[in-house]
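Subject: Structure for you to look at

Hello,

Here is the structure I promised to pass on. Please open it first, then read the notes below.

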Amino acid sequence: MSAALALEENLQIAYLGPVGTWTHQAAVEKFGHSVGFLPQKSLAEVFNEVTHGAADYGVVPIENSTEGAARDIYRLFAAHPLHICAEINQPAHISILGQRDIKNAERIYGHPAMIAAIGGWLTTQKPLESIECSSTSAAGEHARDDAKAVAVGNPLIAELYGLQELASEIEDEPATARFSVVGRRNCPPTEDDLTILTIDGKEMGNNLMEALEIFRDADIEVLRIDGHDEGSFSETSGRSVIRVETRGHAEVAPLSDAIDALRVQGKIVTVLGSFPRLSQLI
């Protein structure tokens with residue numbers, strides 16, 4: 001990805017839209033403003049755009065309940081020849097955006113989830129008429145066009161619609177959103193990589209225990225692991241799928257040997273991507 005950013009012109013980045021989502025903000029944070037951004041209506045459309053070459057990379061939420069479930073993304077990996085080549089972690093800070101001081105506001109626009117996330121802050125303010133919108137972008141448009149309105153959003157919305165941040169970091173509970181950058185190329189090994197893979201095997205308990213035993217015997221550090229019953233990712237009756245995040249690169253021992261050992265056991269191992277740890281990324 002570093003080579004592509006340095007050498008390619010007119011990079012196109014697909015992301016889960018609409019404009020102004022957390023995913024859009026993550027894409028801007030990663031790629032800057034000198035590339036083209038292509039908002040998509042669904043995760044499937046992001047994967048299709050990258051697979052067919054209309055976009056060079058895609059940015060998708062891995063852990064963000066308002067923009068898409070990880071489970072759906074892993075199904076898409078099974079259907080597309082794409083790889084995770086980077087990740088983005090960013091605080092999900094919420095701001096109040098408007099044209100003037102908030103004391104002049106009479107209405108507040110926002111997506112229902114965003115309004116709910118600032119309930120504590122709202123109790124400290126003068127009463128405002130809450131108006132729900134289908135998206136954060138729509139809320140920004142209302143605040144741009146109505147001098148007595150403010151919007152609940154993120155800093156990118158302020159930039160897109162020429163608004164001021166009147167209050168920031170007002171969410172009731174701190175949260176971090178996690179995103180993946182997907183592309184058509186595999187990342188080569190570095191000295192410090194992460195790998196995300198799924199293991200399709202038999203009953204959940206055996207599948208999980210057998211996988212953990214192989215990783216333990218190979219002295220591989222497992223960072224995260226979770227399991228899903230049949231039907232979550234696999235349509236094969238009587239099977240389960242677990243997702244594993246681990247240190248190491250899938251093409252380099254000992255992780256490559258562990259993957260071979262899992263396959264010898266009859267498990268279906270799908271490597272979603274091996275990529276440099278976040279601290280290594282540009």
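Predicted model: local features only at pLDDT ≥ 70, side-chain atom pairs only at ≥ 80, totals over all residues.

The protein chain has 282 residues, and 50% of them are buried. It holds 10 helices and 14 strands.

Contacts come next. Take those between residues at least 6 apart in sequence: 75% of them join residues at least 24 apart.

The largest nonpolar core has 52 residues. Val59, Phe77 and Ile96 touch the most other members. Phe77 is in contact with Phe47, Leu82, His83, Ile84, Val182 and Leu272, leaving aside neighbours within four places in sequence. Another core lies apart from the largest one. This other core has 14 residues, among them Leu197, Ile214, Phe215 and Ile242. As background, nonpolar side chains tend to be buried together in soluble globular proteins.

You will find Val152 in strand β8, which covers residues 149-153. Is Val152 buried or exposed? Its relative accessible area is 0%, so Val152 counts as buried, the cut-off being under 20%. Beyond its neighbours within four places in sequence, Val152 is in contact with several residues, including Ile94, Ser95, Ile96, Ile108, Tyr109 and Gly110. Met114, Ile115, Ile118, Thr136 and Ala139 are also among the contacts of Val152.

Best wishes

How values were computed:
Residues numbered from 1 in each chain as written. Heavy atoms only, no water. Helix = DSSP H or I, 4+ residues; strand = E, 2+ residues; numbered from the N terminus. Buried < 20%, exposed > 50% of the residue type's maximum accessible area, 1.4 Å probe, protein only. Contact = heavy atoms within 4.5 Å. Core = buried A, V, L, I, M, F, W, Y, C linked by side-chain atoms within 4.5 Å.
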